[in-house]
Amino acid sequence: MALIEIENLTVTFRAKGREVQAVQDVSLSVDERESYGLVGESGSGKSTILRAICGMAPVTGGTIRIGGQPVPTPRGRAFSTEVQMVFQDPYASLHPRHTIDRTLSEPLAIHGMPDRDARVVQALTDVGLPPAFRFRYPHQLSGGQRQRVAIARALMLRPKILLLDEPTSALDASVQAEVLNLLNRLRAEQGLTFLMVSHDLAVIDHMCDRIMVLQHGRTVEEITRDDLAGARMTTPYARSLFAASADRMLEGSERPAP
Amino acid sequence: MSLLEVKNLRVTFDTETGKVEAVRGVSFSLGHERLGIVGESGSGKTMTGRSVLRLIRPPGRIEADAMTFDGQDILHASEREMRALRGKRIGMVMQDPKYSLNPVMTVGRQLTEGLRLRDGLGRADATAKAIAALEAVQIRDPARVMEAYPHELSGGMGQRVMIAMMLIPEPELLIADEPTSALDVTVQAEVLSILDGLVRDRGMGLIFISHDLRLVARFCDRVLVMHKGLVVEEIAAAHLMEAKHPYTRGLLNCLPRIGGPREPLPVLDRAGF
């Protein structure tokens with residue numbers, strides 16, 4: 001049985017009498033310990049799917065099941081011990097006036113967990129930060145360090161599922177490599193399941209086993225990693241995304257004639 | 001003679017905790033070609049671009065042994081002389097249309113403002129020229145875009161509006177600072193081909209500043225790789241894969257590739273340089 005099952009999900013935003021269907025009739029299922037990627041351009045609805053899972057988007061149709069059970073509304077405490085999210089912008093997703101220690105121990109306090117001290121130190125060590133960082137504020141950290149803290153925060157409750165919303169798009173290329181390596185190591189060590197969103201096909205390809213291409217809120221194509229690498233996509237849109245991305249690669253691509 | 005000549009450029013900020021050197025001795029010359037400047041955050045690439053227009057505010061200071069544009073000394077030019085250069089002969093496209101367009105002016109007014117004030121054109125002539133500029137950057141419905149406010153445009157449209165605005169005075173040199181990093185890949189490809197066409201058709205010089213090594217390599221003729229305020233390597237874009245400097249190699253290798261191996265990505269060893 002798949003760990004995450006989404007069937008015919010539809011999300012509709014209503015504002016000033018206008019209706020926008022951000023996600024239309026999207027279905028997907030992710031097995032335990034699998035890494036699944038959602039790729040598409042701005043407005044394709046990829047982030048909205050993650051937000052819908054967390055109860056942060058107005059779902060108007062379809063079902064979301066985690067471990068076979070439909071998710072409750074509101075999501076509740078049990079949900080947050082199963083599913084956590086890492087956001088795109090590490091500058092916006094950490095509380096600027098809370099120390100790292102406070103950010104990391106808050107979920108433990110809410111859930112009444114013991115050994116907060118030891119767990120915070122362990123969480124920092126897990127993401128490769130020195131324990132002394134506990135007493136710093138977000139503005140005293142670099143972008144990559146902040147994203148490590150955001151990942152540590154998401155893992156505090158030992159969830160099974162991590163929803164990753166463009167976790168490296170705000171970072172430099174070399175820092176991106178470090179964070180991607182960290183995520184892969186944590187997935188192996190903690191047996192995590194990833195549902196990851198990115199606009200960068202190469203990043204998704206590096207991280208995920210199966211990939212769904214979205215456009216205008218609809219599924220365009222679902223493709224395995226091997227088929228992507230072999231350029232065996234069946235729809236023109238997926239091919240154009242691949243071409244725009246492969247274009248940027250140096251090997252095997254011709255420079256456009258001047 | 002080259003269009004732009006920069007010798008030993010230094011940009012220093014005097015802060016409470018002492019001097020911070022953002023650019024520490026950068027030299028390059030540019031003809032009618034596409035020069036890429038790549039580096040990570042804080043490498044000084046944006047400061048180098050802004051220095052050419054002397055757009056660095058105190059406490060920042062620009063020093064150089066020489067900085068000339070088309071034979072004119074821009075290091076010691078008066079503010080009045082600089083104003084005559086800015087926009088008219090040297091244009092600059094900024095990174096983010098959300099912050100660089102005036103949010104309370106329609107696109108049409110922003111595009112025609114310069115034409116009417118600087119070139120003294122009448123309303124009808126200015127509007128016609130602005131619409132032509134929007135068409136040149138492949139905006140399909142220029143009349144609607146002229147009436148729109150920046151928040152009513154998508155990122156790609158906003159970026160194209162900024163490029164159109166910079167191209168109206170037909171500058172000889174265009175400095176584009178991350179002109180496509182806020183855009184989707186397919187839109188990015190479109191904006192680049194527009195820039196490419198303009199460089200080719202108008203014989204413009206282009207300084208293309210970006211953090212994306214692969215993009216720069218594909219788009220430019222020559223690449224300067226910057227790190228901590230210094231140029232660590234200068235290389236023809238076609239030969240980028242044969243780059244020698246460990247920093248350039250590190251930047252190239254740490255990027256994931258479609259169909260690449262599933263091993264951990266090589267990480268830049270910052271202690272090395």
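Is A:Met233 buried or exposed? A:Met233 is buried, as its relative accessible area is 6%. Please keep in mind that this is a predicted model. A few points to go with it follow.

1. **The loop around A:Met233.** You will find A:Met233 in the loop that runs between helix H8 (225–229) and helix H9 (236–246) of chain A. Setting aside residues up to four places away in sequence, A:Met233 touches A:Glu221, A:Ile223, A:Leu228, A:Ala238, A:Arg239 and A:Phe242.

2. **A:Leu228, a partner of A:Met233.** With residues up to four places away in sequence again left out, A:Leu228 touches A:Leu201, A:Asp205, A:Ile211, A:Ile223, A:Met233, A:Phe242 and, from the other chain, B:Ile258. The contact list of A:Met233 also holds A:Ile223 and A:Phe242.

3. **The nonpolar cores.** A:Leu228 belongs to the largest nonpolar core, which has 57 residues. It is among those with the most contacts inside that core, together with A:Leu104, A:Ile151, A:Leu162, A:Met196 and A:Met207. Helix H6 (residues 173–190) of chain A gives the largest share, eight residues. There is also a second, separate core of 53 residues, and B:Ile168, B:Leu183, B:Val191 and B:Ala237 are included in it.

4. **Chain A as a whole.** Chain A holds nine helices and 10 strands. For 258 residues, a compact globule would have a radius of gyration near 18 Å, so the 19 Å of chain A agrees with that expectation. Along the principal axes, its C-alpha atoms fill a box of roughly 55 × 45 × 40 Å. Of the 258 residues, 54% are buried. Among contacts with a separation of 6 or more, 67% join residues 24 or more positions apart.

5. **Surface and charge of chain A.** Chain A carries 29 positive and 30 negative charges, whose mean positions are 7 Å apart.

6. **A residue to look at in chain B.** B:Val145 sits in helix H6 (residues 142–147) of chain B. With a relative accessible area of 1%, B:Val145 is buried. Neighbours within four places in sequence aside, B:Val145 is in contact with B:Val107, B:Leu134, B:Ile139, B:Leu153, B:Met157 and B:Val161. B:Gly250 is 105 residues from B:Val145 in sequence, and their C-alpha atoms are 43 Å apart.

How values were computed: Residues are numbered from 1 along each chain as its sequence is written. Chains are lettered from A and ligands numbered from 1 in the order in which they are written. This is a predicted model: local features need pLDDT of at least 70, side-chain atom pairs count only at pLDDT 80 or more; totals for chains, interfaces and linings use all residues. Side-chain values use heavy atoms; hydrogens and water are left out. Helices (H or I, at least four residues) and strands (E, at least two) are DSSP runs, numbered from the N terminus. The radius of gyration is taken over C-alpha atoms; the globule rule is 2.2 Å times the number of residues to the power 0.38. Buried means under 20% relative accessible area, exposed over 50%, partly exposed in between (1.4 Å probe, protein chains only). Contact means heavy atoms within 4.5 Å. Lys and Arg count as positive and Asp and Glu as negative; His and the chain ends are not counted. The place of a charge is taken as NZ of Lys, CZ of Arg, CG of Asp or CD of Glu. A nonpolar core is a set of buried Ala, Val, Leu, Ile, Met, Phe, Trp, Tyr and Cys residues joined through side-chain atoms within 4.5 Å.
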